[in-house]
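Subject: Structure for you to look at

Hello,

Here is the structure I promised to pass on. Please open it first, then read my notes below.

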Amino acid sequence: MLKNYIKIAWKVLLRRKFFTFVSLFGISFTLLVLMVAAAVIEQQYAPARPGTPLERCLYIDRIIARNDRSAYVASPSYGFLDKYARSLKQAEAVSITAPGSTLSYLRNHKIELQLLYTDHVFWDLLAFDFLEGQPYDQAAVDNADHVAVITSRTRRQFFGDDSALGRYIEISTGSFRVVGVIPHEGIPSDRTWGDIYIPVTTNRAAVERPQVWGRHRALILAPDESHYDAIKAEFQENVIRAQQDHAADFDSIKSEAKTYLELLLDPFEEDTGGGIGLAIVVLITLMLLFMLFPAINLINMNSSRIIERSSEIGVRKAFGASSKTLVMQFLVENVILTLIGGAIAFVAALVVLQVVTDAHIIPFGQFHINFRVFSAALVISLIFGLLSGVIPAYRMSRLHPVRALKGSDL
Amino acid sequence: MIDLTHVEKVYRTSTIETLALKDINLRINPGAFLSIMGPSGSGKSTLLNIMGLLDDPTGGQVQVDGQQIANMKDDEMARLRNRRIGFVFQSYHLINDLTVVDNVEMPLLYRKSTSAERRQKALAALDKVGLSARTRHFPTQLSGGQCQRVAIARAIVGEPQIILADEPTGNLDSVMSDEILDILMNLNKNEGTTIVMVTHNQQMAEKTERIVRLCDGSQVD
Ligand SMILES: Nc1ncnc2c1ncn2[C@@H]1O[C@H](COP(=O)(O)OP(=O)(O)O)[C@@H](O)[C@H]1O
Ligand SMILES: [Mg+2]
């Protein structure tokens, strides 16, 4: 019987070429927009590429310290994190990093490089596949050696296709010897991005800074998500200790270990600028609106098509189709349309994302189809299809055949 | 085989109530050829639709082969429509998205059958109505008379015991009308198919065994 439904659906779709084309366009366009948007968002804001340790990480990004004169809202200092976060007992590993940017000269061209100061734990935590060389170790960090890990893209920029090991890169803070190269595509999130990575200790002033606020952040690897609450609580105890230690300078010190998602929502909290969070909300709203058009269009078209076909429903009923059979027929038709649309969208998204990646429009941009988003989008389209196509068909099929037949004469 | 007792049909809209059928009592015996006549709006189509299980009466009872329709479930009704009844509409009601032969096959989709069987039966039915040459056409490519012949082929393809035809020649000229009537009369004579036909044409009606006349929803014969 299913074969029959598929046959009927196929015939109808072929016969109604215009409708089929418009529907397919609507479905695949909706899916394409969804997938490209998801890929961009994932690239820009995702906590981590799936499968990387960052998936079970907490972040300490911010400290709010107040006294009766002022309030400091900033990143924590190295000293603060070293003393109150590094020691977290329930964490599997704690890494302290600081972002920065630096200038370098490349064949008389000034170029700006994204810099990430890291400790040696960072490399244990992220376990990169090194293209060549290896990370700097604890000794190098303790000595504040001028060594660097660079990405494959930086290597290409500076050294072309040659090996970079043992060669030097000149940046504002000095000359650094390359000890390792990681794949540019392997960097799992914006929090771990850099064109060049150097030991956190090479910025002595920042590391020795006595204040609680500074420019560092901590990456806390939890054994798994179920430990998040315990780790957060443990850190809160440490923050209370910090408050006592700094009671002379500040009335209150607040800092929290947060998941990536909490971090994104953080800008809405008091005392902080709402910039990024607002931008994300605006972006998502725009995108939803953008997706709404093809979706509404789809629903509209589908419903009006069913009404247009009420006479067909009446005729089929008059000749012995049961409500169940009719609903199945429209269901199969919709599913086939959606699946074909999904396939088209998938191919189109592959092409678009490849073009965007190749064009280097967005730095670090590596855009991939997210299969979860793709399946979710497909399911959503199916639901749209069912709501817009099958429900009217169902209601129509419950009518007496004459009523459905008359529908065409209205 | 179809029994109507005290059948009544009221159409209710928000503003008016139309009593389309009043106390209709009618028995249709196997093998009969019956015509229904009456002025426009007298309830002929309503009556035929109720006989064909396309609509519910608002009062009275309909029985098919002794079974009460009122208590039937949707799929039982569907089965009866599929096996027992073939409908021919004044405005053909072919599915324009399907070819002639696919239109004719349609009723067979709703019972157990292979596609080869369906194709063969559909071609045989088209042969009976003299349309073997047009099987791959679409309804929009056919004349009115040809469309109605396709509709008849569709009505007979499942070998129903009864054919209900609502002004089957209403949109056709007299030559084509005669052809259609011939086809129906042959079906009745040669295959014993019971036929109920609504018509405005006195001459055509007189060729049938019995005429039921309706006026304002009541039987007046
Ligand atoms: N769906 C409907 N809603 C309201 N009134 C209807 C409907 N169908 C038919 N009628 C009314 O019922 C009466 C009988 O209609 P019908 O059976 O179509 O007559 P006939 O086929 O003899 O011309 C007419 O007065 C018509 O206006
Ligand atoms: Mg009528």
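A search of the whole structure finds 23 salt bridges over all chains. Keep in mind that this is a predicted model. One of the salt bridges joins A:Asp195 and A:Arg153. Their closest N and O atoms are 3.7 Å apart. A:Asp195 sits in the loop between strand 9 (174-182) and strand 10 (196-199) of chain A, while A:Arg153 belongs to helix 6 (residues 152-159) of chain A, so this pair ties together parts that are 42 residues apart in sequence.

Now to the place where the two chains meet. Chain A and chain B bury about 2500 Å² between them. Carbon and sulfur atoms carry 57% of that area. Three residues stand out on the chain A side: A:Arg15, A:Phe319 and A:His400. They supply 28% of the area that chain A buries against chain B, more than any other three residues. The contact takes 28 residues from chain A and 30 residues from chain B.

How many salt bridges are there between chain A and chain B? The count is 3. A:Lys11 and B:Asp102 meet in a salt bridge through their side chains, with 3.0 Å from N to O. There are also 9 residue pairs in polar contact between chain A and chain B, with both residues at pLDDT 80 or more.

Which elements of chain A give two or more residues to the side that touches chain B? They are helix 1 (2-15), helix 11 (310-318), helix 12 (323-359) and helix 14 (401-407) of chain A. The residues on that side of chain A divide into 10 nonpolar, 9 polar and 9 charged.

Next, the ligand. Ligand 1 lies between chains A and B. A:Lys406 is part of its surroundings. From chain B, the residues around ligand 1 include B:Tyr11, B:Thr18, B:Ala20 and B:Pro39. The shell divides into 3 nonpolar, 7 polar and 2 charged residues.

Two elements of chain B each supply at least two residues of this shell: strand 2 (17-28) and helix 1 (44-51). Helix 1 of chain B gives the most, with 3 residues.

An N or O atom in the side chain of B:Thr46 is 2.4 Å from one oxygen atom of the ligand. A polar backbone atom of B:Lys44 is 2.9 Å from an oxygen atom of ligand 1. For B:Ser42, a backbone N or O atom lies 3.2 Å from an oxygen atom of ligand 1. On its own, ligand 1 has 560 Å² of accessible area, and the protein covers 67% of that.

Best wishes

Conventions:
Residues numbered from 1 in each chain as written. Chains lettered and ligands numbered in written order. Predicted model: local features only at pLDDT ≥ 70, side-chain atom pairs only at ≥ 80, totals over all residues. Heavy atoms only, no water. Near = heavy atom within 4 Å. Polar contact = N/O pair within 3.5 Å; in protein donor to acceptor, adjacent residues only side chain to side chain. Areas by Shrake-Rupley, 256 points an atom, 1.4 Å probe, with all protein chains shown as cover. Helix = DSSP H or I, 4+ residues; strand = E, 2+ residues; numbered from the N terminus. Nonpolar A, V, L, I, M, F, W, Y, C, P; charged D, E, K, R; others polar. Contact = heavy atoms within 4.5 Å. Buried area = accessible area lost by both parts, 1.4 Å probe. Salt bridge = Lys/Arg side-chain N within 4 Å of Asp/Glu carboxyl O.
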